Amino acid sequence: LYVPNVFAPNSGGLNDFWTIQSGLDDLNLKTLLIFDRWGDLVYSLDGKVPVNAWPGWDGMYRGDPVNPGVFVYYLEVELGNGEVVKLKGDLTVVR
């Protein structure tokens, strides 16, 4: 499971979306929450979505681009055997 820590939305096709990648096809995103530095929820995903089919976060919040900066995420990934792995970290939006 690869979770990048930086992306640049609207950068001309490169790194426009923050995505999570896996070499396995049987991983599902169960929960994903992204918060800004003030603790406001700017993105949420709740429900099973295959990791490799999730289109990613485009760096938008309520129809507007978020300001460049550091955000924190919390995610739960369900493995093929039903086990749930919880991960948290930070990501940087660069414009």
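Reader: What makes the largest nonpolar core in this model, and which residues have the most contacts inside it?

Author: In this predicted model, the largest nonpolar core has 21 residues, and those with the most contacts inside it are Trp18, Leu32, Ile34, Trp54, Trp57 and Leu91.

Reader: Why is Trp18 called buried?

Author: Let's set the value against the cut-off. Buried means under 20% relative accessible area. Trp18 has 0% relative accessibility, so Trp18 counts as buried.

Reader: What is Trp18 in contact with, leaving aside its neighbours within four places in sequence?

Author: Its contacts are Val3, Pro4, Phe7, Leu32, Ile34, Trp54, Gly56, Trp57, Tyr73 and Leu91.

Reader: How many aromatic pairs are there in the whole structure?

Author: A search of the whole structure finds six. One of them joins Trp18 and Trp54.

Reader: Why is the pair of Trp18 and Trp54 called edge-to-face?

Author: There are two steps here. Ring centres must lie within 6.5 Å to pair, and planes over 60 degrees apart count as edge-to-face. The centres of these two rings are 6.2 Å apart and the planes stand at 85°, so the pair of Trp18 and Trp54 is edge-to-face. Trp18 lies in the loop between S1 and S2, and Trp54 in the loop between S3 and strand S4 (60-61), so the pair ties together parts that are 36 residues apart in sequence. Both residues are buried.

Reader: What makes the pair of Trp18 and Tyr73 tilted?

Author: Stacked planes are under 30 degrees apart and edge-to-face planes over 60, with the rest counted as tilted. The rings of Trp18 and Tyr73 have their centres 5.3 Å apart and their planes at 45°, so this pair is tilted. Tyr73 lies in strand S6 while Trp18 lies in the loop between S1 and S2, so the pair ties together parts that are 55 residues apart in sequence. Tyr73 has a relative accessible area of 10%, so Tyr73 is buried.

Reader: Which residues do ring pairs link into a cluster?

Author: The cluster holds Phe7, Trp18, Tyr43, Trp54, Trp57, Phe71 and Tyr73.

Reader: How do you know that S6 and S7 pair?

Author: Two strands pair if there are at least two bridges between them. Ten bridges join S6 to S7, and these strands run antiparallel. As an example, Val70 has Thr92 in S7 as its bridge partner. S6 and S7 also form a hairpin with five residues between them, and Gly82 in the turn has a positive phi of about 95°.

Reader: How many bridges join S2 to S3?

Author: Seven bridges join S2 to S3, which run antiparallel. Leu29, for instance, has Val49 in S3 as its bridge partner. This pair too is a hairpin with five residues between the strands, and Gly39 in the turn has a positive phi of about 90°.

Reader: In which sense do strand S1 and S7 pair, parallel or antiparallel?

Author: Strand S1 (residues 6-7) and S7 pair in the parallel sense over two bridges. In S7, Val93 is the bridge partner of Phe7.

Reader: Why is Glu78 called buried?

Author: The relative accessible area of Glu78 is 12%, and buried means under 20%, so Glu78 is buried. Glu78 lies in strand S6.

Reader: What makes a polar contact with the side chain of Glu78?

Author: The side chain of Lys48 does, at 2.8 Å. The cut-off for such a contact is 3.5 Å.

Reader: Where is Asp16 found, and what does its side chain reach?

Author: Asp16 is found in the loop between S1 and S2. Its side chain reaches the backbone nitrogen of Asn10 at 3.0 Å.

Reader: Why is the chain called as compact as a globular protein of its length?

Author: The chain has zero helices and seven strands. Its radius of gyration is 13 Å, close to the 12 Å that the globule rule gives for 95 residues, so the chain is as compact as a globular protein of that length. Of the 95 residues, 35% count as buried.

Note on methods:
Residues are numbered from 1 along each chain as its sequence is written. This is a predicted model: local features need pLDDT of at least 70, side-chain atom pairs count only at pLDDT 80 or more; totals for chains, interfaces and linings use all residues. Side-chain values use heavy atoms; hydrogens and water are left out. A nonpolar core is a set of buried Ala, Val, Leu, Ile, Met, Phe, Trp, Tyr and Cys residues joined through side-chain atoms within 4.5 Å. Buried means under 20% relative accessible area, exposed over 50%, partly exposed in between (1.4 Å probe, protein chains only). Contact means heavy atoms within 4.5 Å. Helices (H or I, at least four residues) and strands (E, at least two) are DSSP runs, numbered from the N terminus. A polar contact is a pair of N or O atoms within 3.5 Å; within protein, one must be able to donate a hydrogen and the other to accept it, and residues adjacent in sequence count only if both atoms are side-chain atoms. The radius of gyration is taken over C-alpha atoms; the globule rule is 2.2 Å times the number of residues to the power 0.38.
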